[in-house]
Amino acid sequence: MKIAVCAKQIPDPATPYELDPEHHWIVRPDDQILDDTDRYGVEIGLQLAEASEGSVTLFSMSPAGNLQGIRQALAMGADKAVIVSDPALKGSDALVTAKVLARAIQQEGFDLVIAGTESTDGSAGVLPQQLSELLEVPALTFAKAVEHDGDTIRIHRQTPDGYDEVEATLPAVLTVTAGVVEPRYPTFKGIMQAKQKPVEQLTAADLGFDATEVGAAGSAQYVRSVTPVPARQAGEIVEDDGEAYRKILEVLEQAKVV
Amino acid sequence: MDFEFSDEQKAFRKVVREFAEAEIAPYAEEWDRTHEFPTETVLKMGELGLFGLPFPAEYGGSEADFTTLCIAIEELARVDQSMAITLEAGVGLGINPIAVYGSPEQKERWLPDLVAGRSLAAFGLTEPDAGSDAGATKTRAILDGDEWVINGSKAFITNSGTDITSLVTITARTGQDEISTIVVPADTPGLTVEPPYRKMGWHASDTHGLRFDDCRVPKENLLGERGRGFHQFLAILDDGRIAVAAMATGVLQACLEHSVAYAKERTAFGRPIGANQAIAFKCADLETMTEAARLLTYKAAWLKDQGLPFKQAAAVAKLYAAEAAVTATREATQIFGGYGFMDETPVARQYRDAKILEIGEGTNEIQRLVISRGLGLPVER
Ligand SMILES: Cc1cc2nc3c(=O)[nH]c(=O)nc-3n(C[C@H](O)[C@H](O)[C@H](O)COP(=O)(O)OP(=O)(O)OC[C@H]3O[C@@H](n4cnc5c(N)ncnc54)[C@H](O)[C@@H]3O)c2cc1C
Ligand SMILES: Cc1cc2nc3c(=O)[nH]c(=O)nc-3n(C[C@H](O)[C@H](O)[C@H](O)COP(=O)(O)OP(=O)(O)OC[C@H]3O[C@@H](n4cnc5c(N)ncnc54)[C@H](O)[C@@H]3O)c2cc1C
């Protein structure tokens with residue numbers, strides 16, 4: 001099975017994010033890490049590939065930087081990576097990103113595309129569905145368990161009350177939730193091997209896009225303004241006079257958690 | 001001069017830190033309390049390839065340099081010394097003698113499982129009456145036909161009684177003035193693993209006394225040349241010193257991080273305790289000691305990796321880092337006040353655990369002996 005795994009490089013969430021003041025785009029440092037949510041996609045991809053003697057190719061769009069995030073996924077065991085990195089892509093919105101990734105994936109060929117449900121830095125939660133539309137294949141989303149048998153892929157789709165069983169024939173797009181599998185830690189051997197693995201860097205032009213189709217020019221979506229998250233309010237302290245549980249239940253009911 | 005680790009070493013340090021934070025740190029307090037050797041976690045360390053780091057690929061190893069091994073040991077020690085010593089002893093004392101002195105058959109037989117971390121090996125040098133003076137070993141091995149017959153006892157042997165221990169390499173007297181090294185498989189009749197010690201620290205590390213009563217192993221279990229045992233273990237201990245210094249560096253790093261965080265967060269007299277020079281300066285000293293220990297450790301590791309003489313550097317690093325770690329854990333405990341005296345506080349555990357760093361694999365006094373002899377001084381052993 002030929003597996004394409006989306007692997008987004010993002011600035012380390014442990015460091016403060018910087019936005020450029022004019023467009024409010026995230027300033028992307030040279031050091032970017034693999035989005036934690038994509039570790040699950042990589043792991044599922046590796047497991048499916050191991051079971052089917054398949055291969056795992058990573059697809060990513062972002063300034064390449066020092067490729068640390070991509071190497072993290074290669075060190076876990078992915079075979080190679082394709083990264084689309086081009087100043088012309090600056091300001092591309094989610095749909096343009098999907099178009100770029102779709103074309104790169106198409107060019108390489110695939111049986112299954114795996115992505116996270118939503119990225120840690122963008123959190124749009126739309127790109128995989130856009131990919132499925134552009135690639136004209138079904139989308140199996142929010143998988144918390146995945147099974148593969150010949151041409152069929154079956155998942156447990158997470159719902160608020162439990163899960164749905166969903167099935168499709170390949171080729172398809174799959175999104176996985178955190179917790180679908182325990183991602184492996186890269187070994188030192190894996191880290192050393194990652195250095196030797198092929199990383200293909202493409203520009204928008206390599207994929208046949210002209211400058212008006214991508215970047216801010218090609219994007220319908222832009223960021224109008226940015227507001228800092230309000231500082232957290234101090235919590236309410238309920239003194240227990242024997243009746244505190246009533247008050248707590250009330251709050252929980254208001255929050256609709258019970 | 002270049003003080004940078006390679007990109008791969010930095011990436012690996014991050015992985016080991018993440019592993020240690022996720023798989024060890026949350027449980028370290030419990031293992032300390034229950035004196036449990038967490039076999040499952042040690043097997044996970046094996047899956048991460050930690051036990052195979054410096055060994056050849058043909059036995060499943062990663063062919064990493066010694067510096068990289070030290071990075072892994074330092075990162076484990078930062079959250080838990082018991083797991084760090086399990087790795088340090090497993091690699092340095094357990095696997096290393098076989099990898100260095102073993103015959104092709106011995107390597108073929110033992111290394112794949114050890115390197116993969118599916119089993120553990122121990123090294124039995126110390127005896128109830130022979131520690132620093134390890135040459136005074138009384139354990140005897142007499143050749144009887146095709147077998148060595150071993151009688152005697154060993155004391156304080158790390159990793160010797162776990163569920164996954166496959167062998168103990170011991171030193172034994174094989175003649176009048178002759179010490180040799182022999183591999184004793186864990187299930188050999190006549191080998192008794194005594195109940196675990198009640199230790200002051202390193203509660204989750206496995207330590208036992210061993211007894212040999214007419215314990216018979218095949219003649220081929222001799223490791224390396226007959227009569228070379230003394231030289232073999234001296235060389236093994238030189239490597240081990242750098243690795244123990246790496247452990248001490250991890251302990252120092254932990255003390256530094258915990259202390260600085262607590263000094264900012266804990267308030268007394270309406271201000272953070274770190275606003276008092278008495279506390280802030282302790283943190284400054286911790287930073288200085290950590291930095292010095294790290295430099296000495298990785299300088300020694302670098303010398304070894306370059307194939308340059310490192311005996312003196314290893315003893316200097318081990319001596320300084322171990323003493324600094326004991327000082328640092330005492331000071332960190334002081335910064336934590338009454339909470340520092342509670343067993344469940346990480347620096348309290350580090351405090352109890354750190355003392356052995358000044359004793360194991362050559363006491364401070366023995367390091368000073370090695371260093372002064374290295375200076376050409378006529379001190380006696
Ligand atoms: C205003 C704006 C400016 C932008 N500027 C740039 C820019 O300058 N340069 C640039 O390269 N991109 C740029 N982007 C693209 C952005 O980084 C996202 O990749 C894109 O918007 C997808 O949104 P998301 O991350 O919220 O995706 P979601 O829909 O939340 O992502 C779901 C999953 O899709 C996959 N995925 C998403 N994005 C990528 C990716 N880029 N590569 C690989 N897999 C991915 C991951 O598996 C992820 O878990 C910009 C986007 C916006 C809205
Ligand atoms: C938890 C733990 C794990 C251990 N693991 C192992 C293991 O896996 N394998 C193994 O073989 N051993 C192991 N040991 C043993 C350890 O290496 C010895 O305890 C150590 O070498 C000291 O030996 P000793 O206890 O006999 O002390 P002694 O040698 O009796 O020393 C007592 C004191 O005298 C000092 N002293 C001795 N000789 C001199 C001298 N010439 N000049 C100045 N001072 C001197 C010492 O420095 C020390 O302060 C372990 C010990 C512990 C506690």
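An oxygen atom of ligand 1 sits 2.7 Å from a polar backbone atom of A:Val126, a polar contact, meaning a pair of N or O atoms within 3.5 Å. This is a predicted model, where local features need pLDDT of at least 70, side-chain atom pairs count only at pLDDT 80 or more, and totals for chains, interfaces and linings use all residues. Residues are numbered from 1 along each chain as written, chains are lettered from A and ligands numbered from 1 in written order, and side-chain values use heavy atoms, without hydrogens and water.

Back to the ligand. A:Leu127 places a backbone N or O atom 2.8 Å from an oxygen atom of ligand 1. For A:Ser119, a polar side-chain atom is 2.6 Å from an oxygen atom of ligand 1. On its own, ligand 1 has 890 Å² of accessible area (Shrake-Rupley, 1.4 Å probe), and the protein covers 92% of that.

Now the shell. Ligand 1 is surrounded by 32 residues, each with a heavy atom within 4 Å. Among the closest are A:Lys8 and A:Ser92. By class, the shell has 14 nonpolar, 12 polar and 6 charged residues; Ala, Val, Leu, Ile, Met, Phe, Trp, Tyr, Cys and Pro count as nonpolar, Asp, Glu, Lys and Arg as charged, the others, Gly among them, as polar.

Last, the other site. A:Leu252 counts as partly exposed because its relative accessibility is 32%, and partly exposed lies between buried, under 20%, and exposed, over 50%.

Technical notes
Buried < 20%, exposed > 50% of the residue type's maximum accessible area, 1.4 Å probe, protein only. Polar contact = N/O pair within 3.5 Å; in protein donor to acceptor, adjacent residues only side chain to side chain.
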